[in-house]
Amino acid sequence: MRNAFADELTKLGDEDSRVVMLSGDIGNRLFDKFKAKHSARFFNCGVAEANMMGVAAGMAMNGLRPVAYTITPFITTRCLEQIRTDVCYHEAPVTIVAVGAGLAYAGLGPTHHACEDIAFLRSLPNMVVICPGDSFEVRAALRASLQQDNPVYIRLGKKGEPVVHKGPLADFAIGKAITIARGGDVCLLSTGNMLPEAVDAAHELAKQGISTELVSFHTVKPLDQCCLADVFARFPLVVTIEEHSRIGGFGAAVAEWLVDTGFTPRRFIRFGTPDAFFKQSGEQEFAREALGLSAHQIAATITTALRQG
Amino acid sequence: MNAIIRASSNRIDAAALERQAALLRGKIIEMSHAAQAAHLASSLSCADIVSAAYWHVLNIDPREPKHPLRDRFILSKGHAAAALYAALAMRGFFPVEELDTYCADGGRLAEHPPANLLPGVEAATGSLGHGLPLGCGMALSGRIKGESFRIFALLSDGENNEGSVWEAAMFAAAQRLENVCVVVDYNKWQATARSNETLMLAPLADKWTAFGWDAREIDGHDVGALAEAMQRVPNGSGKPVALIAHTVKGKGVSFMEDDNNWHYRAPTSEEVVKARKELGLA
C-alpha cells in the first residue's frame, strides 16, 4: 500500500499544482520521485507532528491540498488536537495518510501499534475516514480525497500486502462499499488491511460449502448505509472485520447504526482487537493469530456461529 | 493589489495610534462588563500591539476579508478575543453594534474566536500553541502560489509553555519564513501565576534567537515603535522575526495593572466609568 500511495501521489502532484506533501521524517527514498518533480511542494517537517498538522491546516486554509504522512500513532493520537481544531474545525481539506494500520508494525511494539485511531478520528466533525483494503483502493482513495473538500483520514497498512482487486477502481467513491463476491449464507464486511485475510476466510468457508458474500467496506465514515441496510436484510449472519479495537472502530460504527436505525440483526459478530496492549514480540501474522484474527480463525468462528443457528 | 488598503499612510502617527489604542481599551472594558467575561487583563495588555497592527501595519481590506494577498493576523492567544473583535469591528469588518452581542446566546462573538464564521478572523484559536504552525502553513502556501503577504502571530507569554510553539519556531527558521512575525505579549503573568515561576521563559528573546529567529525586545506599549518594527517585516535578515514585547497585564487602568485577579474578573459599571476616565474617554 505504501509504495502505491507514493506512486499515486506523484501522479496527482503532476496533475494538480495544489498538492503538497508533508512528511514526518519517514519514508526514506519513498518520495524521491515526488521530490525530484515537485521539490517546492515537498516538506520534511521533522519529528514534530503537532506543527506538521498545523502547517498542513494553514496550507489548506489558503487553497492548497496538503497530504500529511507518518506512522499511524504519530499522525493521529500524537497530534489529535491539531487534527480536531486546526483541520476539522476549520474544515481544512487536509488529507492525513497514516502508515502502519492496526498491527502492521506489530514487531515494533505497542508504541507503533494503531488500534484506536479509527475511534478517535471518526468522532471528529467534518472528518472522512477511509481504510483501503489493497493498493488499488489506496490509489483510488487518495485520488478521491484530493478531489473533494473535506478533511480525510486514509489508513494504510504497510508495503507488500496481497492485491485483491484485479485492476484500477474506476467506480470508487468515498462512502460506497465494494462488493467483491456474492453469497447467501454469511456476509463479511471487511475494512482496511484485513481485506486479504477476509478473502482467505471466504475461501475457507466456501470449501465447507458456506456461501459467503465479501464486501470491502473501505469508508468507515460516512458509512454506506444502503449497503448495511441491504446486507442486514439479506443475511442471517453479518460480520465486521477490522484490525482495530472493537471499541469505537468499524464494527462499533455498524453497531451504532443498527441501534440508531432500529434494525434488529439476526446475528452480528464483530472481529477486532481486544481492549489491551499487545506486548509480545513478533510480526503481524503472529499477532493476528494470537488475537484470533487469522483467516482460519475467522472462518472457524463463523462456521460455529452458523451451526448454532 | 489595488483592493488592499492600509488604515494609514506609511508615516507613523504615534499620537493617533495611542488615541486608537485608548478607544480600543475602552471598548474592550465595556464588552467585558456587559458580558461579565474573563480575560480582560490579557486583552488590555495586547491592545497596543493590536492597534499597531490594525491601524498601521496590516495590508487588509474590510470589504474583501478573504483577499488572497492580505496580510494575516492570527490572534494565537485567542483568549484576548475581545481585543480582536473590537479591532475588527472598529476597522469595519462587521458592525460595531455587533460587539454588544459578545458572549450572548446565539451570537458570532464567542469567548474565543470562531472558525469560518466572522469576517476578519483568520483562525479559530483559544487552545494555545496553534497559531504559529497555522501561520507557517499560510506562509508556505504564499511561497508556493507566488503570493506575497505577511503573517503576524500574537502569542501570550504563557503560550510559550506549549511545545508546538517551539516545533513551529524551528520549522519556520529551517524554512526561512522571513515574512512571519511573532509578537509575544510578555506581561509576565499566566492564568494563575507569574510566568517565569511556572515554566522558565527567561531569557525569552535569547531563546527565540537560539531557535533561529531575528528576535528583539521591545516596549509593548510604545505603539509607534511596535508599528515601526512590525512594518519592517520582512526585515532583510532572511529570518522570521520575533518581537518580545514587554507589557503590563491590565495596562491602561491603574487598578487593573499587574493585578492578575483581572485575568478572570470583569468590571462593575462603576469601575467601567473610572477606567474610561483614566483612559481619557470620559
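**Figure 1. Ala215(B) and Ala242(B) stand opposite each other, the latter in strand 5 of chain B.** The model is predicted: local features need pLDDT of at least 70, side-chain atom pairs count only at pLDDT 80 or more, and totals for chains, interfaces and linings use all residues. Residues are numbered from 1 along each chain as its sequence is written, while chains are lettered from A and ligands numbered from 1 in the order in which they are written. Strand 5 (residues 241–246) of chain B pairs with strand 4 of chain B in the parallel sense, over six bridges. Strands (E, at least two residues) and helices (H or I, at least four) are DSSP runs, numbered from the N terminus. Two strands pair if DSSP finds at least two bridges between them.

**Figure 2. An open sheet of five strands in chain B has parallel pairing.** The strand order is 1-2-3-5-4. Strand 1 (72–75) and strand 4 (214–219) of chain B are the edge strands, each pairing on one side only. On average, neighbouring strands of this sheet are turned by 20 degrees against each other, direction ignored. Helix 5 (residues 131–145) of chain B packs on the sheet and touches strand 1, strand 2 (151–156) and strand 3 (180–186) of chain B. The direction of helix 5 of chain B makes about 175 degrees with that of strand 2 of chain B. Such angles run from 0 to 180 degrees between N-to-C directions, and axes are lines fitted to C-alpha atoms, for helices over the stretch in contact.

**Figure 3. Chain B meets chain A through 19 residues of chain B and 25 residues of chain A.** Two residues are in contact if their C-beta atoms, placed from the backbone, lie within 7 Å. On the side of chain B that touches chain A, the elements that give two or more residues are helix 5 and helix 6 (163–174) of chain B. Helix 5 of chain B gives the most to this side, with ten residues. By class, this side of chain B has ten nonpolar, seven polar and two charged residues. Ala, Val, Leu, Ile, Met, Phe, Trp, Tyr, Cys and Pro count as nonpolar, Asp, Glu, Lys and Arg as charged, and the others, Gly among them, as polar.

**Figure 4. Helix 3 (residues 49–61) and helix 5 (residues 80–89) of chain A pack with their axes 9 Å apart.** The angle between these helices is about 10 degrees, which makes helix 3 of chain A roughly parallel to helix 5 of chain A. Angles under 35 degrees count as roughly parallel, over 145 as roughly antiparallel, 65 to 115 as roughly perpendicular and the rest as oblique. Ala50(A), Met53(A), Gly54(A) and Ala57(A) in helix 3 of chain A meet Gln82(A), Ile83(A), Asp86(A) and Val87(A) in helix 5 of chain A. By class, the contact has five nonpolar, two polar and one charged residues.

**Figure 5. Strand 3 (residues 65–71) of chain A is largely enclosed by the rest of the structure, because seven of its seven residues are buried.** A residue is buried if 20 or more other C-beta atoms lie within 10 Å of its own, exposed if 12 or fewer, and partly exposed in between, with C-beta atoms placed from the backbone. Five bridges join strand 3 of chain A to strand 1 (residues 19–23) of chain A, and the two run parallel. Here Met21(A) stands opposite Val67(A). Strand 3 of chain A also runs parallel to strand 4 (residues 95–99) of chain A, joined by five bridges. In that pair, Thr70(A) stands opposite Ala98(A).

**Figure 6. Two residues other than glycine have a positive phi: Arg29(A) and Cys103(B).** Most residues other than glycine have a negative phi, and most peptide bonds are trans. Phi of Arg29(A) is about 70 degrees; the residue is found in the loop between strand 1 and helix 2 (32–37) of chain A. Arg29(A) is exposed, with 8 other C-beta atoms within 10 Å. Phi of Cys103(B) is near 70 degrees, and Cys103(B) lies in the loop between helix 4 (81–90) and helix 5 of chain B. Cys103(B) is partly exposed, with 17 other C-beta atoms within 10 Å.
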